[in-house]
Amino acid sequence: MRSSPSIVPADRLDRDIYLVLEDFGARAGCAWRETDEADTVLDGVLQNLLSGQYAYPVRIVSFNPFEGWSWDATSEVADALAQRATDTDAEVSSALQEFIAANATRRFDMQLALPLRGLA
C-alpha cells in the first residue's frame, strides 16, 4: 500500500494541535471551527474560549501528526479553563460555565456570576 504525503508542513508537525467542536444550534448543528494555525495551541484555545470566540463549545480534540496520536481533550481543557478563569478572575459566560460543569474532572473554588432576575 502506498503512503500519502502529509498535508501538514514538515516544520509544523511536532506539536500538539487542539480543535474545537462548536454547537451552532438546532438548525445549523455542530461543526469543527475553522481557526488560525497560531490559535490551535492549548493556550490559544483557552484564550479564545474566555474571550467569547466560541459561544457553545461541545468537544475539544487534540492530535499530534508527528507522533501519530489523537484524543478527546475536552476534560483537560475544561480543567485548564476553570483554573485560568480562577487565576485571572475572568468573566465566564453561562455557556462556558455549563461546559466547565459538564466536563471538568476537578472541583474548582470559583465564584461564578449568577443571573439576577428583574434587572435590565
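Helices H1 and H2 pack at an angle of about 65°, and their axes lie 10 Å apart (axes are lines fitted to C-alpha atoms, for helices over the stretch in contact, and angles run from 0 to 180 degrees between N-to-C directions; helices are DSSP runs of H or I with at least four residues, strands are runs of E with at least two, and both are numbered from the N terminus). The model is predicted, so that local features need pLDDT of at least 70 and side-chain atom pairs count only at pLDDT 80 or more, while totals for chains, interfaces and linings use all residues. Residues are numbered from 1 along each chain as its sequence is written, and side-chain values use heavy atoms, with hydrogens and water left out.

In the contact between the helices (heavy atoms within 4.5 Å), Leu42, Asp43, Leu46, Gln47, Leu49 and Leu50 of H1 meet Glu76, Val77, Ala80, Leu81, Arg84 and Ala85 of H2. Helix H1 spans residues 42–50 and includes Asn48. Asn48 is buried, as its relative accessible area is 13% (buried means under 20%, with a 1.4 Å probe and protein chains only). Beyond residues up to four places away in sequence, Asn48 touches Asp39, Gln53 and Tyr54.

An open sheet is formed by 4 strands in the order S2-S1-S3-S4, with antiparallel pairing (two strands pair if DSSP finds at least two bridges between them). Strands S2 (30–32) and S4 (69–72) are the edge strands, each pairing on one side only. Strand S1 (residues 17–23) is joined to S2 by 3 bridges, and Glu22 has Ala31 in S2 as its bridge partner. Helix H2 (residues 74–88) lies across S1, S3 (57–64) and S4, and runs at about 110° to S3.

Technical notes:
Buried means under 20% relative accessible area, exposed over 50%, partly exposed in between (1.4 Å probe, protein chains only).
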